[in-house]
Amino acid sequence: MNPARRTRLEREYALLGAILIAPTVLIFCAVIVYPLVSAIYLSLFQVFTPTLEGSWVGLSNYRELLGKEEFWTSLLNNIIWTVGTLSLQIIFGVAMALILHQNMWFRSLARSLILFPYFVSTVVAVLVWKWLFNDLYGIMNHLLIVSGLTDFPIDYLGTMPNAMISVILVGAWKYFPFVVIAVLARLQTIPDALYEAARIDGAGPISRFFDVTVPQLREVLVVIIMLRAIWDFKEFDMIYLLTGGGPITSTQTLPLLVYKEAFKLNQMGMASTYAVAMMAIMLVFMILYIRRTRSEEDT
Amino acid sequence: MADVILRDIVKSFGSVTALRGLNLQIEEGEFVSLLGPSGCGKTTTLRILAGLEFPTSGTISIGDRVVNDVAPAQRDIAMVFQSYALYPHMTVAENIAYPLKKRRIPRGERTVMVQKAAELLQLTELLRRKPRQLSGGQQQRVALGRALVRDPKVFLLDEPLSNLDAKLRSYMRVELVELHRRLGRTMIYVTHDQLEAMTMSDRIAVMDGGDLQQFAPPNTVYREPANRFVAGFIGTPAMNLVDGELVLSGGDWTFRTGNLSVPVPPLGENAAAGPAALGFRPEHVRFGEGPIEGTVQVVEQSGHENIVVAKFANDLRITGRAPAAQVWKPGEPVRIRIDTAEAHAFAAGPNGERLNRPRAAA
């Protein structure tokens with residue numbers, strides 16, 4: 001409608017609307033837009049972290065990044081970690097959700113307990129796992145030695161590939177409850193009539209799983225995979241606390257590299273460059289996710 | 001030959017008994033409706049026939065075999081669900097083909113069979129669509145297609161029309177009857193809609209509280225209801241049921257309540273003097289003249305007739321049908337006559353049996 005022909009009431013509504021969304025817009029700008037722009041801006045400088053003094057270097061940080069082996073190693077680590085832990089989360093999460101969907105007398109208790117790893121703070125979880133993994137007094141090594149499976153304690157976090165496998169396992173343990181909850185919620189909305197129709201149509205338990213359950217879970221799994229891929233990709237605290245990126249840089253992912261560059265090497269400009277590069281990579285996931293949801297709406 | 005036999009079927013869910021010794025014999029090719037209010041056990045009966053529920057006791061036979069221990073897929077039945085239960089990720093063609101695929105029928109044969117079913121149900125244009133792209137009526141036809149493509153011995157239909165709008169429902173009623181005529185298969189149809197049951201069935205099984213109340217052709221159920229429940233349940237507006245007592249004098253029965261006294265048609269041997277109920281349909285009430293005097297309370301105009309509710313002495317309310325041309329106004333005094341030749345007498349109690357002498361003998 002032509003603004004000139006708006007009635008007084010319409011103008012008042014428009015003003016009220018603007019006033020109501022203003023706080024959100026301001027907060028959004030302060031906590032999302034400003035840091036984003038400022039990171040891109042910083043990546044064009046060479047900055048000494050403690051003083052935040054720097055000089056304009058243009059795109060040379062990016063040129064350096066492309067030629068830097070540590071960046072590519074960290075990216076590879078990051079991909080191994082993300083794919084590894086995400087796959088395990090999905091497999092265990094879906095399996096556990098299917099089990100918890102059955103009618104069992106301890107179902108509600110089990111459903112609450114399963115959330116425990118997700119609720120427990122990362123620091124506490126890592127401490128517990130470090131005790132379990134410890135080569136002197138850890139229960140895992142103790143059990144392995146007592147059962148005769150090994151003669152010497154295994155160094156879970158100090159050698160490769162043990163360190164990466166351990167990090168992936170702890171990540172899977174910590175985050176699979178998210179998958180359980182999301183899948184379980186979907187499972188509960190699948191109408192029983194579909195399973196009954198399939199039974200009458202001659203589908204056995206395995207057919208019913210692949211012909212009814214799996215197609216119904218597809219949508220929710222796409223969303224879970226997208227979200228968890230983004231979250232796992234930028235995981236910092238768990239890996240940092242568990243291995244600190246070691247041994248040497250074997251479990252160093254991009255977020256750890258950013259942290260090291262910014263606060264250990266005091267190169268805020270270069271750190272920002274890594275961060276922007278990371279964001280660009282995650283943008284690919286995001287675009288996939290957005291295109292996916294849009295195509296869902298279209299059909 | 002009986003096609004489906006339920007013998008002494010009892011079904012309990014915990015402390016709730018859904019069916020209390022149900023006996024039902026359905027002939028081959030018959031269209032039978034299971035009719036009753038919510039919770040009467042009609043859907044449980046259908047699910048037991050389908051093999052989706054197990055009876056607590058009793059035997060189920062389909063064809064000439066007992067199927068108590070036979071899996072749903074091997075019972076030679078097909079079921080149409082109230083919600084249609086179409087597989088949402090499959091196209092119409094894949095939905096219809098699914099039961100064939102599970103029976104390992106070769107792809108080529110499958111396509112021909114799906115095509116045939118689609119033609120019968122006018123779905124040919126829709127074969128590549130997904131269920132969510134279809135209207136309710138179309139989804140319903142796909143569900144029917146999935147059932148009939150298997151050529152089952154018995155079709156089980158669980159309130160298949162209840163999610164459709166009134167116009168489509170009356171259209172689908174005719175379609176279903178036509179389909180039944182063409183296929184000649186036994187169809188067992190669960191509904192709470194008496195109009196569906198009356199218009200489509202060869203016989204209606206009226207159920208209440210887990211018991212079979214009457215199993216008879218629609219006309220019989222309407223004109224000779226077995227008991228007071230069936231009398232009150234079948235017919236819109238419902239039959240007038242008046243509590244009072246039966247008096248026998250000089251070989252003739254009279255029904256009395258308050259100061260009202262009406263002659264009753266000949267009763268059978270199970271009749272006894274004492275508390276009873278009189279039932280008469282609204283179409284057997286004549287307005288304008290007669291011995292009973294009261295006041296018009298409510299008038300419902302339906303275009304072709306008027307439903308008139310009138311109040312009489314002792315709080316007695318009687319519903320009748322009056323021709324559309326007769327204009328009645330609430331508050332107006334009215335005289336009525338009850339066509340007692342068409343009246344029914346019932347024993348006392350909510351399920352009191354009908355006491356009239358059987359029609360043929362009367």
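Which side chain of opposite charge is nearest to Glu235(A), and how far away is it? Please go on from there to the contact between chain B and chain A.

Analyst: This is a predicted model. The nearest side chain of opposite charge to Glu235(A) is Arg228(A), 5.1 Å away. A salt bridge needs a side-chain nitrogen within 4 Å of a carboxyl oxygen. Glu235(A) has no salt bridge, yet Glu235(A) is buried. Glu235(A) sits in a loop of chain A, between helix H10 (205-233) and helix H11 (237-242). Leaving aside residues up to four places away in sequence, Glu235(A) touches Trp81(A), Tyr175(A), Thr253(A), Pro255(A) and Leu256(A).

Now the contact between the chains. Chain A gives 16 residues and chain B gives 24. About 1600 Å² is buried between chain B and chain A, and carbon and sulfur atoms give 56% of that area. On the chain B side, Tyr87(B), His89(B) and Lys102(B) supply 27% of the area that chain B buries against chain A.

Charged pairs come next. Four salt bridges link chain B and chain A. One salt bridge joins the side chains of Glu196(A) and Arg47(B), at 2.6 Å from N to O. On the side of chain B that touches chain A, the elements giving two or more residues are helix H1 (42-50), strand E6 (77-80) and helix H2 (92-102). That side of chain B comprises 15 nonpolar, three polar and six charged residues.

Note on methods:
Residues numbered from 1 in each chain as written. Chains lettered and ligands numbered in written order. Predicted model: local features only at pLDDT ≥ 70, side-chain atom pairs only at ≥ 80, totals over all residues. Heavy atoms only, no water. Contact = heavy atoms within 4.5 Å. Buried area = accessible area lost by both parts, 1.4 Å probe. Helix = DSSP H or I, 4+ residues; strand = E, 2+ residues; numbered from the N terminus. Nonpolar A, V, L, I, M, F, W, Y, C, P; charged D, E, K, R; others polar. Buried < 20%, exposed > 50% of the residue type's maximum accessible area, 1.4 Å probe, protein only. Lys, Arg positive; Asp, Glu negative; His and termini not counted.
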